[in-house]
Amino acid sequence: MIAPNNVSCSTVLPNGQTVGQVVNQYRNQLQSIAIEALNNPNNQNPLGETTGAFYAIAQPHGPIDFKNGVAGQGGNGATLGQAGNFAYYAIGSGILPNWELDAGAGVYGVLSAAFGSKSFSSLTGPMFSDASAASVRNAALASNGCKP
């Protein structure tokens, strides 16, 4: 069972950065790409372009996969997982639709269960996202992207 959410924008990661600092960095990058995609009259799929940019941020072993990325620096694996999930939802909130964020978390959860790193019984969140993602979802979406 995953611990109740104790992660926020001010949570300090083992590398000394706060979750909010990481969120702001990648959210600003994603927002710039989204604005550029929307304002380009030749772009036939601005949501697809924004989603692709978001995937580069959110992919396993990517910059917000704190559980795998900074785990060697210490910290609790469950908390680092929640911090990554928090960053995922906070970065995408208001830029990508919530249903898309839930679908991405669900795909990750199902694939993780299929390949044995999670149990299928942990997929209790929206669109089969895992309990860790579900525990931080609402707070992260409400964080307004960890605006300073």
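## Before we start

A residue is called buried when its relative accessible area is under 20%, exposed when that area is over 50%, and partly exposed in between, using a 1.4 Å probe and protein chains only. Asp-102, for example, is buried because its relative accessible area is 7%.

This is a predicted model, in which local features need pLDDT of at least 70 and side-chain atom pairs count only at pLDDT 80 or more, while totals for chains, interfaces and linings use all residues. Residues are numbered from 1 along each chain as its sequence is written, and side-chain values use heavy atoms, with hydrogens and water left out.

## The overall picture

The protein chain has six helices and zero strands. Reading from the N terminus, its elements follow the order α-α-α-α-α-α. Helices (H or I, at least four residues) and strands (E, at least two) are DSSP runs, numbered from the N terminus.

Of the 148 residues in the protein chain, 41% are buried. Contact here means heavy atoms within 4.5 Å. Among contacts in the protein chain with a separation of 6 or more, 60% are between residues 24 or more positions apart.

## Two salt bridges

A salt bridge is a side-chain nitrogen of Lys or Arg within 4 Å of a carboxyl oxygen of Asp or Glu. How many salt bridges does a search of the whole structure find? There are two. Arg-137 forms one with Asp-102, and their closest N and O atoms are 2.8 Å apart. This pair links distant parts of the chain, with Arg-137 in helix α6 and Asp-102 in helix α5, 35 residues apart.

In the other salt bridge, the side chains of Asp-130 and Lys-118 meet at 3.0 Å, N to O. Both Asp-130 and Lys-118 lie in the loop between α5 and α6, so the pair ties together parts that are 12 residues apart in sequence. Asp-130 counts as buried because its relative accessibility is 5%, whereas Lys-118 counts as partly exposed at 24%.

## A closer look at Arg-137

Arg-137 sits in helix α6, which covers residues 131–142. Is this residue buried or exposed? Arg-137 counts as buried because its relative accessibility is 16%.

A polar contact is a pair of N or O atoms within 3.5 Å; within protein, one must be able to donate a hydrogen and the other to accept it, and residues adjacent in sequence count only if both atoms are side-chain atoms. The side chain of Arg-137 makes such a contact with the side chain of Asp-102 at 2.8 Å. Another joins the side chains of Arg-137 and Asn-138, also at 2.8 Å. Setting aside neighbours within four places in sequence, Arg-137 is in contact with Tyr-89, Asn-98, Asp-102 and Pro-126.

## Two loop residues

Asn-43 lies in the loop between α1 (19–39) and α2 (46–58). Asn-43 counts as buried, since its relative accessibility is 16%. A polar atom of its side chain lies 2.8 Å from the backbone nitrogen of Asn-45. Not counting residues up to four places away in sequence, Asn-43 touches Ala-37 and Glu-49.

Gly-75 belongs to the loop between α3 (66–69) and α4 (77–92). Gly-75 counts as exposed because its relative accessibility is 62%. Leaving aside neighbours within four places in sequence, Gly-75 is in contact with Pro-14 and Leu-80. Gly-75 and Pro-14 are 61 residues apart in sequence, yet their C-alpha atoms are 6.0 Å apart in space.

## On the surface

The protein chain exposes about 7600 Å², and carbon and sulfur atoms supply 56% of that area. Accessible areas come from the Shrake-Rupley method with a 1.4 Å probe; for residues, only the protein chains shown count as cover.

Which residues make a nonpolar surface patch of about 320 Å²? They are Leu-47, Trp-99 and Met-127. Patches are made of residues with over 30% relative accessible area and no salt bridge: like charges are joined within 9 Å, and nonpolar side chains (Val, Leu, Ile, Met, Phe, Trp, Tyr) within 5 Å. Trp-99 lies in helix α5, residues 98–114, and is exposed because its relative accessible area is 52%.
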